[in-house]
Protein chains: 2
Amino acid sequence: MPSLLGYALLGLLARRPSTGYDLARRMDRPVGYFWTARHSQIYPELARLESSALVEHVDIDGAGPRQTKRYSPTAAGLRALADWVITDPEPQPERDVEVLRLWSLWTAEPAQAAALVTTIRQRHLNRLAAYEAELAELQDDPTARDRGHPNFASRITLEGGVRARRATVEWLTWLLDEIGSP
Amino acid sequence: MPSLLGYALLGLLARRPSTGYDLARRMDRPVGYFWTARHSQIYPELARLESSALVEHVDIDGAGPRQTKRYSPTAAGLRALADWVITDPEPQPERDVEVLRLWSLWTAEPAQAAALVTTIRQRHLNRLAAYEAELAELQDDPTARDRGHPNFASRITLEGGVRARRATVEWLTWLLDEIGSP
DNA sequence: AGGCGCATGTAAGCCGTTACATGATTCC
DNA sequence: GGAATCATGTAACGGCTTACATGCGCCT
């Protein structure tokens, strides 16, 4: 059974065959919004997936001292992905550094607390704008309405991202008022 | 400089001095909503914090073959916590297994997809109810209105949790409609 | 007598980050 | 000539999980 990173890579490769380098870049946007990985983690994982016959590669022309390898999922790889998607997900522990920080906000001076919250809020606004721009592109795309198309899944996860960010921005706006008012 | 776990422990101890065992239990609720740790991680971290003079312990009566230690933050520990809270938080990579799964939902049959989303939605509803119950308790507490009191920070983080869960539940409800309608 | 809760620790191993290492092609 | 981009790998280290290990006091 692949690791979570393995399923993330299978999800990427099922959308488009890629080199390891390309996968690393694609891990920024849009997958990077909820999953990230560095190339140093991706290359060994691709090797593991290949040894399990879930992906395969062909050598293509490219730069560099080594061969450039384009990976694709195998039929078994696509099956493994489809099986994993519907397995009952055990609730995994959440970790949120931002909230951990705000949970100790009572130790800070109100002025500094307000500055911190403003910074965090701006960061979420920027992320929200990025999500909205990507979602806008998909809205006109008919493939994003097809439940069996990757773009459908891209659209629904982006929709979730937009809603989550909006809720967070509203919360932080409320929080600024709580800090500011006596 | 302590690790993030170290700041989580300092945040707990600043609210109430505790044994390592007690800290492990408190890591379920309410800190556990955004940060978790097992006792096997907590005991070594307490030792590290103590060697940095950020916490100290007194031996108290208790069960077990070893001495029972009650830890408290030192003045330096409280200062370290207060300093950390307002340092500019670099945006750290997000990881969300649920969203990663839904991002590959296009590979699943609509019926199975709907079942999965229903399960996840129920889980968020349960969590939302727990947050709301805790928040309700704090609403009547005047200390939760005092910006310098730990309960203030507990209240604002719970408020964020409630808002985030509500947004997620609304999203998943929307998603069920998207999957269900032809 | 047995089970549960309190209480503290260590060890093995996985996952992930940062840093080290190499080298070709393309653009300025 | 130099910098950026493409491209693939390895090594060291820290964080976290799972499992191992021990044993007292209380309740049934």
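Student: How are H7(A) and H7(B) oriented to each other, roughly parallel or roughly antiparallel?

Tutor: Angles under 35 degrees count as roughly parallel, over 145 as roughly antiparallel, 65 to 115 as roughly perpendicular and the rest as oblique. Axes are lines fitted to C-alpha atoms, for helices over the stretch in contact, and angles run from 0 to 180 degrees between N-to-C directions. In this predicted model, the axes of helix H7 (residues 150–180) of chain A and helix H7 (residues 150–180) of chain B cross at roughly 155° and come within 9 Å. H7(A) and H7(B) are therefore roughly antiparallel.

Student: Which residue classes make up the contact of H7(A) with H7(B)?

Tutor: Ala, Val, Leu, Ile, Met, Phe, Trp, Tyr, Cys and Pro count as nonpolar, Asp, Glu, Lys and Arg as charged, and the others, Gly among them, as polar. The contact of H7(A) with H7(B) has 12 nonpolar, 4 polar and 10 charged residues.

Student: At what angle do H6(A) and H7(A) pack?

Tutor: Helix H6 (residues 110–139) of chain A packs with H7(A) at about 155°, their axes 8 Å apart. That makes H6(A) roughly antiparallel to H7(A). Their contact has 17 nonpolar, 8 polar and 8 charged residues.

Student: How do H1(A) and helix H3 of chain A pack?

Tutor: H1(A) and helix H3 (residues 39–51) of chain A meet at about 85°, with axes 10 Å apart. That makes H1(A) roughly perpendicular to H3(A). Among the residues in contact are A:Leu5 and A:Leu9 of H1(A), and A:Ile42 and A:Leu46 of H3(A).

Student: What is the mean pLDDT of chain A?

Tutor: pLDDT is the predictor's confidence in each residue, from 0 to 100. Chain A has a mean of 94, and 97% of its residues reach 70 or more.

Student: Which conventions apply?

Tutor: Residues are numbered from 1 along each chain as its sequence is written, and chains are lettered from A in the order in which they are written. Local features need pLDDT of at least 70, side-chain atom pairs count only at pLDDT 80 or more, and totals for chains, interfaces and linings use all residues, while side-chain values use heavy atoms, leaving out hydrogens and water.

Methods
Helix = DSSP H or I, 4+ residues; strand = E, 2+ residues; numbered from the N terminus. Contact = heavy atoms within 4.5 Å.
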